[in-house]
Amino acid sequence: MDTVQRDPAIESLSVFDMLKIGVGPSSSHTLGPWRAVQRWLGELAEELADESLGLRDVEHIRVHLYGSLALTGKGHATDQAIALALLGHEPETVDVKAIAEHVHGLARAGTVELVPGHTARFEMANDIVFHIDARLPGHANGMTCEATIAGEARSASYYSVGGGFVVGADEIPGAKNFVALPHPAQSPDDLLGHCTTRGCRIADVVWTNEQEWRSVDEIRTGLRDIWAVMLEGIYRGCHTDGVLPGGLDVRRRAAPLTRRLLGGDDAPTAGEWVEMIQSRDFRFAEILQWVSTFAMAVNEENADLGRVVTAPTNGAAGVIPAVLLYHVCFSEQPVTESGIIDFLLVAGEIGTLFKKGATISAAMGGCQAEVGVSSAMAAAALAEALGGTVEQALMAAEIAMEHHLGLTCDPVGGLVQVPCIERNTMGAVKAINAAELAVASNPADARVSLAEVIKTLRETAEDMSDRYKETSQAGLAVNVSVRVPEC
């Protein structure tokens with residue numbers, strides 16, 4: 001597995017590390033490289049300033065991609081992410097409708113303006129190099145950024161380690177962001193211990209920890225914004241027809257499913273649309289269809305470079321929104337804003353346990369590390385929202401993850417369409433089932449713990465062939481007969 005040195009004792013992760021607003025299609029292959037280039041430019045500027053130079057002195061830029069980034073980078077828009085980072089755009093705020101225009105403009109220019117009035121040569125077709133037969137030693141998602149200054153090449157390497165997290169070549173993950181938390185939890189047992197000592201829920205412990213990073217108002221506002229992006233993503237996806245880009249000719253399904261479930265009725269805003277769904281009676285089978293539709297809508301948006309929330313990754317972005325909206329629409333009691341915030345707090349915290357104890361990167365662990373982890377996050381959050389105990393919430397996460405173990409990542413054509421979109425629907429349904437099972441069960445009777453499942457995820461990831469880790473070299477990626485044109 002990952003040969004980047006890890007020291008779990010120093011990792012401090014916020015809910016906002018696990019739930020990030022960004023752009024599709026991939027947190028590891030789009031958001032991570034985007035952040036890596038931004039970080040490199042900042043570090044390069046500091047290095048040059050010490051020599052009385054600056055980014056104005058950069059003559060030529062080149063970016064080298066290795067491992068999974070090289071093998072599936074084009075399908076996951078890694079090249080576009082690099083272009084947008086060089087152009088100075090932010091994932092949270094870039095106009096997603098203008099992305100193609102920005103990228104094509106840079107490709108036509110052959111130069112990039114790093115500082116006003118000064119350009120460096122950057123030809124997208126030649127200066128983003130996909131090394132498909134090589135990888136850097138630290139992680140499957142490796143990249144090297146190179147700048148030529150006064151004829152001399154200077155470079156730095158980074159790893160996109162999942163969920164938009166980036167580490168330098170010699171950096172220990174999490175070391176730079178250490179925060180002394182009142183209730184640090186590196187394992188499920190730690191989290192349970194804090195909740196038992198305080199006599200409180202998971203959400204309460206997380207709320208206290210989050211205040212070490214942000215004020216109460218900032219936490220509330222940030223989580224409201226995350227839910228707003230999730231809900232708008234579902235609403236957009238449920239109202240957008242057409243064929244997804246990339247050449248697979250995958251037709252969007254969320255919109256026609258929505259029209260059928262609502263009999264053609266509609267509402268002009270996401271809030272009114274949710275109220276319409278809440279006001280109607282649906283059969284069990286139709287509720288299941290709604291859950292799948294919600295998840296599908298988000299991941300169709302993700303595949304089309306839409307704005308989504310990494311939860312904990314882009315490839316698994318549809319699971320948590322689908323389960324949360326299921327809770328909002330179909331619960332017996334009204335779900336308040338406070339309930340939504342608590343749901344996101346619990347989901348985020350469970351995600352940190354998987355990142356600390358295993359991986360959330362498909363390039364390191366297959367799809368079990370993405371959809372499986374998101375399903376566990378959603379299951380725990382829903383179990384607590386349904387009134388379950390801390391033990392039942394942890395049991396729900398265990399059940400959901402246990403039944404994703406061994407799930408490979410074999411994207412057809414290197415795209416996040418087949419089987420990725422439907423896998424999110426399965427992850428959402430499993431999460432709901434896991435939560436209901438856990439809340440109806442006695443955790444003392446469980447034979448498998450969440451800690452054991454996290455350990456098993458790590459070991460399974462280590463044993464899994466690289467061909468099944470987001471490289472498109474096995475599984476459906478080679479057995480589905482399609483011809484994808486060059487991007």
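A: What follows goes from confidence to the charged pairs, then to the helix contacts.

The model is predicted. Mean pLDDT for the protein chain is 94. Of its residues, 96% reach 70 or more. Residues 1–8 are another matter, with pLDDT below 50. Beyond near neighbours in sequence, that stretch still has 25 contacts in the model.

Now the charged pairs. Side chains of opposite charge can pair when their charged atoms come close. The whole structure holds 21 salt bridges.

Start with R35. This arginine sits in helix 2, residues 27–49. R35 forms a salt bridge with E90, and the closest N and O atoms are 2.9 Å apart. E90 lies in the loop between helix 4 (78–86) and helix 5 (99–109), so the pair ties together parts that are 55 residues apart in sequence. R35 also meets E92 in a salt bridge, at 2.6 Å from N to O. E92 is in the loop between helix 4 and helix 5 as well, and this pair links parts of the chain 57 residues apart.

How exposed are these side chains? R35 has a relative accessible area of 24%, so it counts as partly exposed. E90 is partly exposed too, at 34%. For E92 the relative accessible area is 34%, again partly exposed.

The axes of helix 4 and helix 5 come within 10 Å. They cross at roughly 80 degrees. The two helices are therefore roughly perpendicular to each other. Helix 4 brings Q80, A83 and L84 to the contact. Helix 5 brings I99, H102, V103 and L106. By class, this contact of helix 4 with helix 5 has five nonpolar residues, two polar and no charged ones.

Next, a network. R236, R252, E301 and D304 are linked by salt bridges. E301 belongs to helix 12, residues 284–303. Its relative accessible area is 6%, so E301 is buried. Leaving out residues up to four places away in sequence, E301 touches G233, R236, G237, T240, R252, G306 and V308.

Another bridge joins E286 and R283, at 3.6 Å from N to O. R283 has 52% relative accessibility and counts as exposed. E301, by contrast, is buried.

Two packed helices are described by the angle between their axes and the distance between the axes. Take helix 8 (residues 202–210) and helix 14 (residues 337–357). Their axes come within 9 Å and cross at roughly 80 degrees. That makes helix 8 roughly perpendicular to helix 14. From helix 8 come I202, A203, V206, W207 and E210. From helix 14 come I341, D342, L345, V346 and E349. The residues divide into seven nonpolar, no polar and three charged.

Helix 14 also carries L344. At 0% relative accessibility, L344 counts as buried. L344 reaches across the sequence: L19 is 325 residues away along the chain, yet the two C-alpha atoms are separated by 8.5 Å. Not counting residues up to four places away in sequence, L344 touches V15, L19, L223, I226, W227, M230, I320 and L324.

Helix 11 (residues 270–278) and helix 13 (residues 319–330) have axes that come within 8 Å. The crossing angle is roughly 60 degrees. Helix 11 and helix 13 are therefore oblique to each other. W273, V274, I277 and Q278 in helix 11 meet L325, V328, C329 and F330 in helix 13. That contact has seven nonpolar residues, one polar and no charged.

To sum up the charged part: R35 in helix 2 pairs with E90 and with E92. The contact of helix 8 with helix 14 includes three charged residues, whereas the contact of helix 11 with helix 13 has none.

Key. Residues numbered from 1 in each chain as written. Heavy atoms only, no water. pLDDT = per-residue confidence, 0-100. Contact = heavy atoms within 4.5 Å. Axes fitted to C-alpha atoms, helices over the stretch in contact; angles between N-to-C directions. Helix = DSSP H or I, 4+ residues; strand = E, 2+ residues; numbered from the N terminus. Parallel < 35°, antiparallel > 145°, perpendicular 65-115°, else oblique. Nonpolar A, V, L, I, M, F, W, Y, C, P; charged D, E, K, R; others polar. Salt bridge = Lys/Arg side-chain N within 4 Å of Asp/Glu carboxyl O. Buried < 20%, exposed > 50% of the residue type's maximum accessible area, 1.4 Å probe, protein only.
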